[in-house]
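Please open the model in your viewer and keep the selection tool at hand.

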Amino acid sequence: MKTVAIKVAGESIQARVGETVIHALWNAGKAELIKTGCAGGVCGACTITVRSPEGKMKGTDLACMCPVEEGMEVFPCPVDSALTVAPEINPNEEKLRKAYPKLDRCTKCGSCTSACPMSIPVMDSVLRMRAGQLDEVADDFTNCIHCGLCRFVCEDGVEPHMMGMWVRRSIGSSAEIEEKKKDKDSREIELEWQYLLEGSSTDRMNKALQFRKSGKIQP
Ligand code: SF4
Ligand code: SF4
Ligand code: FES
């Protein structure tokens, strides 16, 4: 089988053509060199930066999705977790700004978009956040695996993925509360009908009069 020489965290290993950096590490008995979770591109644990065989920085990637290439150099780039801000019902740009004041520090450099392994238009979405287009933002971040690379490369300390998740959670919480409210309303209506339709005709008449006056049932 054809192999290529790669370097990971300063260690040289032989890798099989067609395998990913993570599989190359496993086969070489060096799994500990890069943190790994799902090995399928969904958990965001295996963040790396890559230098091309020509010595140029190629940018960021996920080691479990990145195929090996002769002469490439890979550097683990673990991203620390960030503090979460609790979601808000009926979110808007003001609430988002209050939760993440760094929103306005974005200088539109585009690094976050280049760094994203999921091809999310991160910078455009940050601009949509500023404009209050939060439904579109929620769509933008549907595929976000929370790897944190957009935050890692942002020199202005903006946290696009945290804001995107906040928007998604806030919109989700609002819908859940609406649903619960609808459920509660329909249960209450059911009880009112039961109350008004039970008993003799005199009882029903008295209940109807009382209900019209107070707006409440008296079970
Ligand atoms: S990396 Fe930071 S400053 Fe640059 S576009 Fe993204 S959020 Fe804005
Ligand atoms: S938006 Fe940020 S955290 Fe989400 S996948 Fe892209 S780089 Fe990773
Ligand atoms: S190990 Fe989960 S994304 Fe790479």
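Helices (H or I, at least four residues) and strands (E, at least two) are DSSP runs, numbered from the N terminus. This is a predicted model, in which local features need pLDDT of at least 70, side-chain atom pairs count only at pLDDT 80 or more, and totals for chains, interfaces and linings use all residues. Residues are numbered from 1 along each chain as its sequence is written, while chains are lettered from A and ligands numbered from 1 in the order in which they are written.

Select ligand 1. Its shell holds 15 residues (a residue belongs if its C-beta atom, placed from the backbone, lies within 6 Å). The closest are Cys-106, Cys-109, Cys-112, Cys-154 and Val-158. Helices α3 (111-115) and α4 (122-130) each supply at least two residues of this shell, and α4 gives the most, with 3 residues.

Next, select ligand 2. Around ligand 2 there are 15 residues, and the closest are Cys-116, Cys-144, Cys-147, Cys-150 and His-161. The elements that give two or more residues to this shell are α6 (149-153) and α7 (160-197).

Finally, select α7 together with helix α8 (residues 201-214). Their axes (lines fitted to C-alpha atoms, for helices over the stretch in contact) come within 8 Å and cross at roughly 140°, with angles running from 0 to 180 degrees between N-to-C directions. Therefore α7 is oblique to α8, since angles under 35 degrees count as roughly parallel, over 145 as roughly antiparallel, 65 to 115 as roughly perpendicular and the rest as oblique. Tyr-195, Leu-196 and Leu-197 in α7 meet Arg-204, Lys-207, Ala-208 and Phe-211 in α8 (contact: C-beta atoms, placed from the backbone, within 7 Å).

Definitions and conventions
Two residues are in contact if their C-beta atoms, placed from the backbone, lie within 7 Å.
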